[in-house]
Amino acid sequence: MSELETQKRSSIFKRKDVRQTGLLWIVLTAIIGFVASEVQVRSMGAPASETMATTINMMRVFTWAAAPIAGLVAAMAATTLLAKRHYGDTPPDDVDHEIRNSPRAAGTWIIVSALMCLFALIWGMVALQRESVGLLDSKAMHVNVVGQQWAWNFDYIDNGTVRSQDLYLPVDKPVVFNVTSKDVIHSFWIVQMGIKIDANPGYMTQTSVTPDKIGVYDLRCAELCGLLHAYMQKKVHVVSQADYDAWISNQGGNI
Amino acid sequence: MNKRLFGVLGTVILGAALITGIGTYVSSAKNDSRVLAATPAGTIDTPQGELPHYTLDMSSYPDSMAGSHGADGGAHPDWVTFGPVTNFEVPAHSAITITVRQYDGGETITNDFFATVHGTVDGTMTLNGEKVRSIPANQIGHTWTLHGLSDTKDQLFVSVPLKAVPDEEMPEEGYSSNPPTTTFTFITGDAGEYIWNCEFPCGDGTVARFGSAMSTMGYMSGHFTVVNA
Amino acid sequence: MTTMMDRSPSAPGHSAPKKALIERLNMWTGFALGIIMAVVFYYLSKALLPVNTEESFIKTNQDQYVLLSMIGWLIGFMTGMGALIAPFRWVMGRDLSHDENLFYAGKGQGIKRYFRFTTDHKVVGIQYLVITMVIFGVGGILAMLIRTNLGHAGGGWLHPQAYNAVVGTHGIIMIVGTIIMVTGPFGNFIMPIMIGARDMAFPRLNALSFWLVVAAIPPLLASFFLGGISTGWSAYNPLASQAPHGMDGYIMFIVIFALSTMVAGANITTTVVKMRAKGMTWNRTPIFIYGVVASVALALPAFPVFFLSQVMSAMDRATGSTFYDPRGGGSGWLYENLFWIMGHPEVYVILIPAVAALMEMAPVFTRRPLFSFNVAVLGIAGISGLSILVWAHHMYTTGWAPLLNGPFMLTTELISIPTGMLFFVLIGTLWRGRLWMTMPTASIYALLWNFMIGGITGIYLSDVPIDAFLHGSMYVTAHFHYTLMGAGLTGALAALVYWFPKMTGRMFDKSLSWISFWLVQIGFNVTFIGMFLVGLAGQPRRVEAYPEAFSQGNLITTMGAYTIMAGMLVLLHGVISSWRSGALAPANPWFAKTLEWSVPNPVPLENFEVLPVVTSDPYGYGKAKS
């Protein structure tokens, strides 16, 4: 019948197009993995928390894990494209085989994709678990976050009656945000810390993070909330504990 | 061949022209095109030293018969509005004093953060000649809240509550003759685009009344541009 | 336009001196009665409905008036179209005569049948093709407005409320356009011929499903003049409750469109299950048929939920109910759940038939059998089954039931396995094929490229910790454009070029198909790779203005979008010029083996003289060596 079936299995790899595909696969996997992971990771900027560092790392790992699949598809497609092309108004001759399936190839493909899926799932579950635990940290400070149409404000409930419109956080201290909204749904997103939780009217939601780098970061609303959604942005100031204490006392709070 | 090429180009040009036309129409459909520039008022002493001083006057009304919507109140005569315009232009690195006369009534604000003055020089405003840091949350008509995008520059944030005309002083017809008058001063930084809006829910909608006048530029919100002098 | 060969003098309209009602009704009488009824309903409701009190959650009665007049429009339009003649006759105890049925089928009416309540599936297919192009035209114009506004930092070209309305309308109209882009034109025109049937199982329902789409569009366009759809296409409550009356246009658009989809879904499913030709066992049924059935069968459970979610939204707006208002015991999360229970199957409603169409073309243009037909069917079935279990991955960051994030992550990532099977089939079919280079062939490559990017970015997004960063950002927007446009629309455009000869009797201009292909695909990738980058850098979706930091990526995106526009206009020119004066097509220009190529051009009424008997599957390409 077909060459595939009549030839010995080892000789498959001696075929020109198979070898070409193999070579292309390796090259393309390297290119895709490198370009896709570097471009994406660089766009994400420097992390300001371990949560964000984990996210960036996952992007890199998942991209590299997906690269061989993308590379294989690209290599096979490219080999076919480079080999026999036919232009014209009538079709080329039919191919000289009538292979309709390959149980071995299908089985391998499905098992490998299932394993990849399992890999992504376990990696994600572990990261999710680690991040969820932050909500239970008894040493964490709590900040109440209130979103309302096109403004945020923050209540530092551990420090008395201090309130602010920009967010101030001490570095390296775990913080739990209790987030709610006065009107429609907003989404509380501190970009460089990689955390996001919706602010819902009538309900309180929580998220947690430990900022680990002093600096000024961006808080942006990530859920369309009406007319001036684009402007519902604030700055997040991560400062040293001493500076934070000084800021709190300056605002009339107790440390 | 040439004829076909012209046909294709013709379609592309016609299509692009149609889109340009629609775009021009939509982009020019603005109900608040007028901009008010701040009036120079000499210099003023501030905690940051002596700075050029500018003033702006505005009012908030319970309907659109005043403001910039024309004598008939425009498309929505019963919507609350600021006036005389809602777009302002002020110089950078200057002290800006804004005076707001508030002709509308009010009730309790949903978020009392906005019952307090934020971002003005020394954290106060002058209400009917009296310096205050906040007003009771149940006496608020509107707020005037200025903010912008989070970028690399320092951002202006100014928010002042505007006292409501008490219910018993609201006239049946026309506007109150004795509107609460609020004056506040803040200092601008670098040039940039900002917006201001009211944070008191005074529009339509089920949970929070931020619809209608609150969700349309030119009523309870507008642009605020800081330009290099 | 093709014209009917058979002009029987006995058809009504030629013989009867006085025109019967059925002959007088058409699209124009539909529009006229629809507008009259809308006006009547408006003034009646204004006169008769009690005026709201101050205590009511809503401030005005306007929503009631607007919704009721849109219902009036629907009733008037469908009545004026003649959609109700047959049901009315049944109520009166009389059925249509044979001549009247033939008249309904469009016999001997030339171009007029495209403007009537015509039941011939080929007419409905052409009607769907035109309405899909109109919808994409409107959506495309809006996309250009969005991209122009975002061309530079700070926005301001459009007013924020105009911008939000443009974004919302672009979103919903494109979603609807992509839902009907394959199952509408090709599912109606090609599918019955492909399975060897004379028409759909329920021809009148077929006409009904199309004219409901037409009836749905005026409320949507009216929304522009009622304040716009300011909420994005998802119309989350409670934001929708404070949106202007344009929201009522959105609600009625969805309600009517959901009806259309349900009707079409029941019709297409029944047709495929019951009306395949003799000998067309499930193993011999072309893969495109599987794609179409999977798509409409998924719509069957999904769209009633969409319908319901919008009815409840309308009630909150117009009657003071509190389904989504926390002050009255409601919840925005309820809306989000209902919306995405529709919303996630819906993306596969769009995707599956487009990919299936390319799988149908792959053997034709590689001259070899479809590789692993069973895996293809398994993949389509697997995606369909899993897709109804993944909706809450749109809600990872909403705070609703955080404990469910893990399970939904599981189901979402599982869907990558059947999706991978589609890649397997396509790449397996390409491998060692003899490529016949046409625009559809290139589209298979474009699909592999775009869908690979869309799929892998989907895996990032399915992962909760990464989604906590990317959700609601431009990255998500780029991701779903890669799947719905990069994969879905690419498949639909290839299907247009592939089936154009059968539908119009003329070949699609070859060079124009290539030019538009390259413009669209290059423009598309430039557009959305730029969008990925600004998303990763932290630009939220649906913003009218953004800080300087994102301006480079946005400029790239805008440039790419203009390139797509040029490509689409070239395609439009190709459609019009080829339809009017293209080369006449032979019955089987692609030398393909499915049944639709066995009937002559133009396809006669009722398609087959003698119904075919199928003895093998349509993928018997390739020569045995020995």
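Analyst: Two residues are taken to be in contact if their C-beta atoms, placed from the backbone, lie within 7 Å. On that basis, the contact draws 20 residues from chain B and 22 residues from chain A. This is a predicted model, in which local features need pLDDT of at least 70 and side-chain atom pairs count only at pLDDT 80 or more, while totals for chains, interfaces and linings use all residues. Residues are numbered from 1 along each chain as its sequence is written, and chains are lettered from A and ligands numbered from 1 in the order in which they are written.

On the side of chain B that touches chain A, the elements giving two or more residues are β9 (140-148) and β12 (192-197) of chain B; helices (H or I, at least four residues) and strands (E, at least two) are DSSP runs, numbered from the N terminus. The most comes from β9(B), with three residues. By type, the residues of this side are eight nonpolar, eleven polar and one charged. Here Ala, Val, Leu, Ile, Met, Phe, Trp, Tyr, Cys and Pro count as nonpolar, Asp, Glu, Lys and Arg as charged, and the others, Gly among them, as polar.

In chain A, an open sheet of five strands has the order β5-β11-β10-β7-β8, with mixed pairing; two strands pair if DSSP finds at least two bridges between them. Its edge strands, each pairing on one side only, are β5 (167-170) and β8 (195-199) of chain A. Strand β7 (residues 186-190) of chain A runs antiparallel to β8(A) and is joined to β8(A) by five bridges. Ser187(A) stands opposite Asp198(A) in β8(A).
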